[in-house]
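Subject: Structure handover

Hello,

Here is the structure we talked about passing on. My notes come after it.

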Amino acid sequence: MSLGSDPTALLRIGCGSGFSGDRLDAPGPVADALIAAGGPAALMLEVLGERTLALAQRERLQRPDAGYEPALLDLLRPILGRCAAAGVPIITNGGAANPRGAARAVLGLARELGLPALRVAVVEGDDIRGTDALSDLDPWEGDAGAVLVPEQVIAANVYLGAAPIAEALRQGADLVITGRCSDPALALGPMLAHFGWSATDWDRLAAGTMAGHLLECGSQLTGGYFADPGVKDIPGMATLGFPIAEIGADGAVLVTKPDGTGGRVDRRTVTEQLLYELHDPAAYLTPDVVLDVTGVHITEEAPDRVRLSGARGRPRPDTLKATVSLPGGWLGEGEISYAGPNARARAELAGRTLRERLRHLGLEGQSRLDLIGVVSVFDGDGGALREAEAAAPADVRLRLAFASEGRAAAERAAREVLSLYCCGPAGGGGVRTRVTDRIRTLSFLVPRDRLAPRVSMLSLEDAA
Amino acid sequence: MSTIALHRLAHARAGDKGNRLNLALVAHRAEDWPLLAAQVTEARVLALFAHRGATAVRRHDLPGLQAFNFVVEDVLQGGVNGALNLDGHGKTLSFLLLGLEVDQDAPPG
């Protein structure tokens with residue numbers, strides 16, 4: 001049944017990917033469950049991180065047909081044909097810096113798969129790099145004081161809302177490819193297309209946005225990023241079922257997962273994800289609505305079926321958030337292991353030696369040492385926790401991180417860890433080094449009237 | 001006085017936005033929420049993250065969800081794109097919070 005043909009019918013929205021590194025085989029069972037259920041349904045694939053987008057923009061500048069999510073075709077290949085045949089549209093932000101290029105590539109795949117009638121919609125207008133929309137912007141409150149130098153900008157993308165996605169679906173798209181949009185919009189778009197909710201029906205938009213927020217990280221709703229053995233156990237972590245939300249015309253929300261998959265959906269998994277990346281729970285700002293979850297009630301209706309009620313909405317903000325990516329210098333890293341008697345002391349000596357070498361070489365940058373196995377990720381850059389920790393385990397790994405403006409200093413710092421093989425303490429082994437080109441991101445607020453989101457429909461003659 | 005790790009009474013999840021961290025803390029049992037409200041204060045959480053340069057903590061109370069949301073400012077030392085820390089997202093930090101000691105016998109409130 002197609003979206004909108006019976007707006008009173010329950011709408012199912014599945015999520016087959018929660019981030020750009022997610023399991024490539026996750027969408028299959030979700031697509032199967034949506035198709036088997038038979039009613040109106042849509043499948044979202046969230047694959048776009050901030051860094052991903054900046055790297056994609058760099059790629060597109062070098063090759064005009066590149067700059068979209070590299071795994072997009074791998075994700076779509078197993079499900080595209082059966083979703084299109086069943087009338088289950090797919091919505092993805094895998095267009096990254098080049099939604100049109102992504103659409104052409106997918107249409108090439110459609111030709112290969114024998115799907116000549118596939119309709120692919122592209123949402124554009126989020127990319128404001130090099131446009132007037134970037135001038136005189138106020139920073140987002142978390143980046144207060146940030147100043148934007150347009151010449152340095154690698155990528156600048158505004159979080160668009162659900163309206164262009166809904167428009168593409170109303171035009172009959174089998175697949176909607178966007179660049180940057182709010183993650184919940186990937187779910188709210190099909191709800192708008194199906195139920196025809198008004199753009200000022202704040203409580204329904206809030207309920208739909210809450211459902212989208214729960215879905216957007218995929219398995220984080222169904223037992224991923226959750227298990228804590230003996231405290232919070234999750235069955236079948238190797239086959240986690242990705243989430244499905246069942247939405248009613250009145251904004252009722254129930255979350256579940258496909259039968260026969262691993263994972264769990266219960267009050268605890270849902271509560272953790274409801275609050276994930278929220279700041280003020282009374283004011284979660286999205287392009288479509290301001291969501292208030294403080295009155296939300298969670299009910300376990302049946303195993304792996306959880307109902308949420310009580311989301312409230314307020315009018316959407318006047319500005320949209322833009323992520324601006326800038327060159328962030330270079331990071332050099334190196335690690336080396338010490339084990340057995342006196343391991344910690346040897347690793348500490350290696351660390352002191354590295355510090356001395358960095359000074360001796362006059363490398364300009366900021367450094368940090370970790371003793372993996374003693375104290376690492378909890379510590380600050382100053383090493384206060386490590387110094388206060390007396391434990392001396394028999395297997396530790398020293399890590400140096402060195403950030404510099406230029407590439408050469410970062411490479412040299414990483415090389416100094418490699419040199420410890422011969423010049424360091426006894427029994428040092430397993431060196432790995434890495435040098436990374438970094439991207440810094442800042443958020444700014446863009447007035448809505450500076451943006452003009454566009455929807456275009458592409459078909460097989462546009463194939464790459 | 002009998003102190004136990006918060007890990008016994010609650011579970012938690014960390015999320016990041018730039019240099020800002022949020023920690024959702026959820027009581028395993030609804031009846032423990034008042035004890036957590038009394039003892040897991042903004043000041044204690046700020047002290048817990050002081051070594052990382054945290055500048056402020058705001059606690060949002062969600063009794064209906066038997067939960068709290070802590071928003072910790074400037075704790076990620078540059079965040080995912082700028083930190084020297086292996087875990088630039090701060091994803092592991094929910095378990096730094098869960099290591100906090102609470103007094104099980106103290107009267108709530």
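The model is predicted: local features need pLDDT of at least 70, side-chain atom pairs count only at pLDDT 80 or more, and totals for chains, interfaces and linings use all residues. Residues are numbered from 1 along each chain as its sequence is written, while chains are lettered from A and ligands numbered from 1 in the order in which they are written.

Chain A

Chain A has 12 helices and 19 strands; helices (H or I, at least four residues) and strands (E, at least two) are DSSP runs, numbered from the N terminus. Domain 1 of chain A covers 11-125 + 160-317, and domain 2 covers 324-443; these bounds come from an automatic or database domain assignment. The C-alpha centres of the two domains are 39 Å apart. Along the principal axes, the C-alpha atoms of chain A fill a box of roughly 75 × 55 × 45 Å.

Chain B

Chain B contains three helices and six strands, in the sequence order β-β-β-α-α-β-β-α-β. Its radius of gyration is 14 Å, close to the 13 Å given by the globule rule for 109 residues, so chain B is as compact as a globular protein of that length. The C-alpha trace of chain B spans about 40 × 30 × 20 Å along its principal axes.

Contact between the chains

On chain A, 40 residues are in contact with 29 residues of chain B (C-beta atoms, placed from the backbone, within 7 Å). Elements giving two or more residues to this side of chain A include helix H9 (267-274), strand E12 (297-302) and strand E18 (429-447) of chain A. E18(A) gives the largest share, five residues. By class, this side of chain A has 14 nonpolar, 12 polar and 14 charged residues (Ala, Val, Leu, Ile, Met, Phe, Trp, Tyr, Cys and Pro count as nonpolar, Asp, Glu, Lys and Arg as charged, and the others, Gly among them, as polar).

A helix pair in chain A

Helix H10 (residues 343-361) and helix H12 (residues 407-423) of chain A pack at about 135°, with axes 10 Å apart. Axes are lines fitted to C-alpha atoms, for helices over the stretch in contact, and angles run from 0 to 180 degrees between N-to-C directions. H10(A) and H12(A) are therefore oblique to each other (under 35 degrees is roughly parallel, over 145 roughly antiparallel, 65 to 115 roughly perpendicular, the rest oblique).

Regards

Notes: Two residues are in contact if their C-beta atoms, placed from the backbone, lie within 7 Å. The radius of gyration is taken over C-alpha atoms; the globule rule is 2.2 Å times the number of residues to the power 0.38.
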